Each structure stands twice: as structure tokens, then as C-alpha cells.
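Dear colleague,

I am passing on the structure we spoke about, and I would be glad if you looked through it before reading my notes below.

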Amino acid sequence: MAADMRLPTVRKQVSLSGSKSAIASLVVPGDVITTDTGFMRGHGTYLDEEKLTASVAGEVERVNKLICVRPLKTRYNGEVGDVVVGRITEVQQKRWKVETNSRLDSVLLLSAVNLPGGELRRRSAEDELSMRDYLQEGDLISAEVQAVFSDGALSLHTRSLKYGKLGQGVLVQVSPSLVKRQKTHFHYLPCGSSIILGNNGFIWLYPTPGQQDEDAGGYYTSIEPVALSDREVISRLRNCILALAAHKVMLFDTSVLYCYESSLTHQIKDILKPEVMEEVVLQTRHRLADQEG
């Protein structure tokens, strides 16, 4: 059995985000944000002797007179319109419970899914009895947040053909704060794989599908063997995402693609080595900085 042995080296701390404004907006619990009484207290703050103080570690956000602190590491706080990837945990009466990395299990109602064949009709007792034929425990789905309940639980829907049951692929879990909000979170990458960047920190990598059957209503999953080349691309993308997340780089289609291209000179298994990871992420940061100008 081959052993991988490396000599210890001194690792240099390299940072490209050295702007004073970015550093000044980071706070830890107990830091005084402002002493001005004209601001309103938002999430992650409290008043201490008329001083607005941070209660969590994170980045200060100001919206007009409202000040809040967005934690750098937290559970997912859903908003209406977010794209999420979740796992079915329980089948209940007229609903499924879904794990979406939030504080409470999300709810997917039977009335909020497409019926197989795309039928538009009221859900009957037969539909309720055959719920496990549609989705069962352990299935992965992509969905959109339809509403947020008063206790913070999320209501999901899969009424579009781009949502539904997920087939063969790889699930990567990162912090929700690292996923950049964009207009679309479904991307077909030119390297031959596709990616769903869930706002809840669940990222789904899968082979780019061919012609899809629209009559399936989002429940068709291909069980054809995945080619070795596709599996290698997905494995490389998975390691690239873990490398970016370890160095706290925002995840979106451009950063993932740049990291993938920077890692092509290394073997897939070597990407997660500390020195290789640092080199690949540094090249990605340089390319992103050049793009932003």
C-alpha cells in the first residue's frame, strides 16, 4: 500500500481582502457597533447602556436606519423565493417533512407539487395514499421557498419542471453564508457537469442531462450508469467546492469554474492537500479579483 509522505513547510498567510472597510464591518460578541441612538436594533444586536452591541460574530449590515449583524456561520434562515436542496425525512398526512439545514424541518404540501403527467386537478384520497410513490424517506429534492411560517419553518413548492426529485449525483454541504445569492442557482457548467447551488448550503452536483421527458412531472430519475469521465468531473468539482469553503470564498458559478480550471494541473485526490488547496484557491482569488477590476 502506497503511503503519501510530505515534509513540513512553513505556510504563508496570504490575504487579498485587505480593505479596511471590510475589516471594520466584522464584529465579535460584545463589540460596540455604534453609540448613536438614532439607529434601530436588528437581528444579532442588543442595547447595552444605550450602546448598540453585537451579540454574534459576523458582518454588520446597514439598511437605512436599521443595523443588524449577519453571522458568518449559522443555520439557514429561509426567505421567500430561495432555491433549496433538501432531503425527505418523513411522510405525513398530505405533506412531506424536508431537512433543509434550517432550525426546523420544512414542509412540502401535497398540493404544492406537480402530479406525474403534469395533471392540474384537486388532490384526491388516491393521491394521498400514493404519496410514497412520488417521494419517500431519503429522497433528495430541489424546491423553492413559498412561504415562511411565524415559527420560522419553511413551506416549499416544486410546481416548476426545473424542481423535483434529484437522481444520480453528489451532495456537498457548506455553510449557507458562503452561497452567493444570484438570479439563478441552476448552472450548466462547460466542463460537462451541472450544479444546483442551494441557498441553504446544500449543493448538488450531477451529470448534465440530455433530453428530459416533460410528462414525468419532475419525478423521473435516470438510473443509467454514469460515465467515468463524468464521475471524475463531479469528483473534481466536489473537492474544489470543499477547498473554496475551507478558505471562506463565496460560492457561485464563476468561482467554482475558476477553481476547477486552476485544479486541472493536479490529481483529483491531491486537491484537498493543504498546500495544493491553498495554491488553487489563491489562483481562483486572483482571477476573481482581475475580473472585478
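Predicted model: local features only at pLDDT ≥ 70, side-chain atom pairs only at ≥ 80, totals over all residues.

The mean pLDDT of the protein chain is 86, with 86% of its residues at 70 or more. Confidence is lowest in helix α1 (residues 20-24), where the mean is 53, and highest in strand β14 (residues 170-173), where it is 96.

Helix α6 covers residues 274-292, and because each of its 19 residues is taken at 1.5 Å, it should span 27 Å, which agrees with the 27 Å between its end C-alpha atoms. The buried residues of α6 are Val-276, Met-277, Glu-278, Val-280, Val-281, Thr-284 and Leu-288, and they pack against α4 (228-246) and α5 (253-262).

The largest nonpolar core has 31 residues, and those that touch the most other members are Val-174, Ile-195, Ile-203, Leu-237, Ile-241, Leu-251 and Val-256. At least two residues of this core come from each of β16 (193-197), β17 (202-207), α4, α5 and α6, while α4 gives the largest share, eight residues. Leaving aside residues up to four places away in sequence, Ile-203 touches Val-170, Leu-171, Val-172, Val-174, Ile-195, Ile-196, Leu-197, Ile-241 and Leu-251. Another core, of 19 residues, lies apart from the largest one, and includes Tyr-76, Val-84, Ala-112 and Leu-154. As a general point, nonpolar side chains tend to be buried together in soluble globular proteins.

With best wishes

Definitions and conventions: Residues numbered from 1 in each chain as written. Heavy atoms only, no water. pLDDT = per-residue confidence, 0-100. Helix = DSSP H or I, 4+ residues; strand = E, 2+ residues; numbered from the N terminus. Expected span 1.5 Å × (residues − 1). Buried < 20%, exposed > 50% of the residue type's maximum accessible area, 1.4 Å probe, protein only. Contact = heavy atoms within 4.5 Å. Core = buried A, V, L, I, M, F, W, Y, C linked by side-chain atoms within 4.5 Å.
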